[in-house]
Amino acid sequence: MFAYIVRRLLATIPVIGVVAVFVFLLLHLTPGDPAAVIAGDYARPEDIAKIRERLGLNEPIHIQFGTWLWSLVQGDLGISIFSNLPVAKLIQQRLEPTLILALATTILSILIAVPLGTIAAWKAGTWIDRAVMLFAVAGFSVPIFVFGYILMYIFSIELKWLPVQGYKPIADGLGPLIQSITLPTIALAILQSALIARITRASVMEVLNEDYIRTAHAKGLAQNTVLIRHALKNAAVPIVTIIGISVGLLIGGVVVTESVFNLPGLGRLTVDSILRRDYPIIQGVILVFSGAFVLVNLIVDILYTLFDPRIRY
Amino acid sequence: MAATTSEIISAAPAGRLSRFGHYVRRNPVVMVGLVLLAILVLIALLAPWLTVDPLQLSPIDRLKKTGVGDHLFGTDMYGRDVFARTLHGSQISLVVGLCVAALSTAVGLTIGLVAGYVRLVDAIVMRIMDGLMAIPGVLLAIALMALTGASVQNVILALTVIEIPRVVRLVRGVVLTIREMPYVEAAISIGTSFPKILIRHILPNTVAPLIVQATYICASSMIFEAVLSFLGAGTPPEIPSWGNMISEGRAYFQIAPHIIFFPGVFLAVCVLVVNILGDGLRDTLDPRLRRRM
């Protein structure tokens, strides 16, 4: 078990390495002079020279990469071009709404999708199953911003139950926080739960064909016990895998949802810095998000051993 | 679904393509999907004749409600006809969806075939693909768009880059199983050349899963295009794409929700149709995949 965790940790190093190289090259793959791109269309030559100097673009490329990587390891993500503040600090300031939104969405998605998928598998072929599958395809097809605006129109503008946009930090109390993130969470959870429901249905259906399920029924166990204790538990590995993979989708969704609902999180920071061509922030955000994605999937891999003792490494 | 003997006999001498046509006709979901897609393509192609100029500004007609005057879907904040813009928007979505699906499968197939067959290439290529897949798709696309600037071609290229690793994975997986098959071994033993083995013996096995994957890529690329345009990093703002319409209309959302409602609904329906087509194709072409997804 311990050896497996160490091996799995080592396996993430090349992945993170490729991400780091890619993020570094991002600036250098720009057609033309990256400093000129950052400076914008109306920059004077001396402004461009200043940016070149600040980004260290006058050094040879391997030196640049070395310097960049060394400061990265020390937690230094560079300085924002626009605001002149350290990128790490800017990211830290924006972390709370994004983390809360992502966590709330994942919890809500699991609460919706796992029961839905299990019932669909149990009632396979009936109208319940078809309804769940329709929800799964539709949830995949309706873009988050379309769904977000529909929710906002119904619940904020027509019914006036919830605030239209904006975010109340956790320091202001739990009530306002929940009010401000309810709609974004629902909008995001539709997409994620569509994916999880699909996989849950497929893997529970497969397990339901197993001999031990027939045995469980034959010895007279209640339907619920069979479904939860026998079927769902054995179907857990693919479900947990897809929850890990769906974090990638979730991150993309967070970026869009934060723009729709005007939440001051990492997603908004990303979009704002793209409009301002603030490359150090773009690089930093991609690194943080990718790192989180890799970390979640690492944890998922390790969780397997808890869900399925047959898996031994 | 057991085929009767007569069906097997009648299908046996037919070529691969006609057998495919036979399966498609038998599956109602695929038929419905194809017909709806054909209608959407028709709308996109005929948009210039069905509607007025989508770029025509008309300051006196600003923010007209749906169904007022000549404007079936109303007008936007510059007085442009929302019906005309929505119909024209389907062109961008379909072009982006189809181009990304075609390009990413073509490139992914080539890389995947070689990676699956040549171990040294495999080790290097798959590390790069794993790395690319660790970057969330939307972010990677946004970053590429920020570098290259807004244009339809750049949107297609950026989305192709984020889809390629998934195609490579799929193709490589197929190649890894097929190359251990006795008939591939037999082909090697009689001295069949390496390119011939890849093209004649391995490539045909990737076709069915690739068609399914390409459909899903087409659907997700249409959403991605809209997302990029919505965030201001997609098609140039003067082009009436659904994402641009929603992005521009959001400031007027509270007083004129129809500006973003119509492109939103068209986008959702369009993606839904392609996704349903993908599900139908998956069930028809590769019943084994059904269990996995």
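**Entry 1. Chain A**

I began with the contacts of chain A: among those with a separation of 6 or more, 72% join residues 24 or more positions apart. I noted that the model is predicted. I then listed the secondary structure of chain A and found 13 helices and zero strands. For burial, I recorded that 41% of the 313 residues of chain A count as buried. Taken along the principal axes, the C-alpha atoms of chain A fill a box of roughly 80 × 55 × 35 Å.

**Entry 2. Chain B**

I repeated the survey for chain B, which has 12 helices and zero strands. Its 293 residues include 45% that are buried. Of the contacts in chain B with a separation of 6 or more, 70% are between residues 24 or more positions apart.

**Entry 3. Confidence**

I looked up the scores of the predictor, which gives the complex an ipTM of 0.82 and a pTM of 0.83. For chain B the mean pLDDT is 80, and 78% of the residues reach 70 or more. I asked which helix of chain B has the lowest confidence. It is helix α1 (residues 5–11), with a mean of 42, while helix α7 (residues 152–178) has the highest, at 90. I also marked residues 1–14 of chain B, where pLDDT stays under 50 and the model has four contacts beyond four places in sequence.

**Entry 4. Where the chains meet**

I examined the interface and found 39 residues of chain A in contact with 37 residues of chain B. Several helices of chain A each supply at least two residues of the side that touches chain B, among them α1 (2–28), α8 (174–208), α11 (236–261) and α13 (279–307).

**Entry 5. α4 and α11 of chain B**

I turned to the packing of α4(B) against helix α11 (residues 258–285) of chain B: the angle is about 35° and the axes are 10 Å apart. The crossing of α4(B) past α11(B) is right-handed. From α4(B), I noted B:Val82, B:Thr86, B:Gly89, B:Ser90, B:Ser93 and B:Gly97 in this contact. Their partners in α11(B) include B:His258, B:Phe262, B:Phe266, B:Cys270 and B:Val274. By class, the residues of this contact are eight nonpolar, six polar and no charged.

**Entry 6. B:Ile111**

I stayed with helix α4 (residues 82–117) of chain B to inspect B:Ile111. Is B:Ile111 buried or exposed? I counted it as buried because it has 21 C-beta neighbours inside 10 Å, and the cut-off for burial is 20 or more. Leaving aside residues up to four places away in sequence, B:Ile111 touches B:Val125 and B:Val168. B:Val125 is 14 residues from B:Ile111 along the chain, and their C-alpha atoms are separated by 8.1 Å.

**Entry 7. α6 of chain B**

I checked the length of helix α6 (residues 137–148) of chain B. At 1.5 Å a residue, its 12 residues should span 16 Å, and the end C-alpha atoms are 17 Å apart, which agrees. I next asked how many residues of α6(B) are buried. The count is 11 of the 12, so α6(B) is largely enclosed by the rest of the structure. The buried residues include B:Gly137, B:Leu140, B:Ile142, B:Met145 and B:Leu147. After α6(B) comes B:Gly149, with a positive phi near 90°.

Notes
Residues numbered from 1 in each chain as written. Chains lettered and ligands numbered in written order. Predicted model: local features only at pLDDT ≥ 70, side-chain atom pairs only at ≥ 80, totals over all residues. Contact = placed C-beta atoms within 7 Å. Helix = DSSP H or I, 4+ residues; strand = E, 2+ residues; numbered from the N terminus. Expected span 1.5 Å × (residues − 1). Axes fitted to C-alpha atoms, helices over the stretch in contact; angles between N-to-C directions. Left-handed = near helix turned anticlockwise from the far one by under 90°. Nonpolar A, V, L, I, M, F, W, Y, C, P; charged D, E, K, R; others polar. pLDDT = per-residue confidence, 0-100.
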